[in-house]
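I opened the model today to look up confidence, fold and packing. My entries follow.

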Amino acid sequence: MRPTPPHHVPLDFVFRSRSKEEKAPAAQAPVTDSKQPRHPQAPKGRPTPKRALAQSQRRSVTNTPTTRKEAAKRQRDERRAQMAKQREALASGDERYLPARDKGPVRKFARDFVDSRFCIAEFFLPLAVIILVLSMVRVPQLQNIALLLWLIVIVLIVLDSVATAFRLKKRLAERFPNESKKGAVAYALMRTLQMRRLRLPKPQVKRGERP
């Protein structure tokens, strides 16, 4: 018997099957988008909220001092800058950077009230120097005059301070009826003891000018 010839397989069927098998994995692979979808709340052209939060956290970590020495240095720099602003405010009268004891409309009115008039207490230091010099001279008459002048100056300062306190308290009650005026009169009387050119904050009104 003759052997049965092998079944002939068409070449195009072999290549077609192989090409289908190669394309199948590629077709089965999931399609992924390389671009991350934009968050619906994020404006166009800006990072998503999560990314913006991460960026702000990185910046805060960068600005945070890493050592105790750096933190102390930063505190000193901030304190020095604040004090410089306060010195400038004391010279210019800028309310934003004044110390707490000088802030507020009540304290400003008290300063203007004192600066607008002559006060005997502001001449206390120069008068005290003169009286001290006279008392050191070994002349009984001059020493008696120095003692008398000292008593007169003290009495005049007390009377003038009482009158200033009474007038200022009345004006504050009229001008600021609903605001706290605690310590304003004492604050003004302490200012009267300073010479006008040495007062801080600097006077903002002229003598005789009504505040």
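I call a residue buried under 20% relative accessible area, exposed over 50% and partly exposed in between (1.4 Å probe, protein chains only). By that cut-off, 20% of the 211 residues in the protein chain are buried.

Ground rules: this is a predicted model, in which local features need pLDDT of at least 70, side-chain atom pairs count only at pLDDT 80 or more, and totals for chains, interfaces and linings use all residues. Residues are numbered from 1 along each chain as its sequence is written, and side-chain values use heavy atoms, with hydrogens and water left out.

Confidence: I looked up pLDDT, the predictor's confidence in each residue, from 0 to 100. The protein chain averages 78, and 68% of the residues score at least 70. I noted pLDDT under 50 over residues 11–15, with one contact (heavy atoms within 4.5 Å) beyond four places in sequence. Residues 24–35 also stay under 50, and there the model has zero such contacts.

Fold: I found seven helices and zero strands, taking helices (H or I, at least four residues) and strands (E, at least two) as DSSP runs, numbered from the N terminus.

Helix H6: I checked its length over residues 140–175. Its 36 residues should span 52 Å at 1.5 Å a residue, and the end C-alpha atoms are 52 Å apart, so the two agree. The expected span is 1.5 Å times one less than the number of residues. Buried residues of H6 include Ala146, Val153, Asp160 and Arg171. I found the buried residues of H6 packing against helix H4 (105–115), helix H5 (124–136) and helix H7 (184–192).
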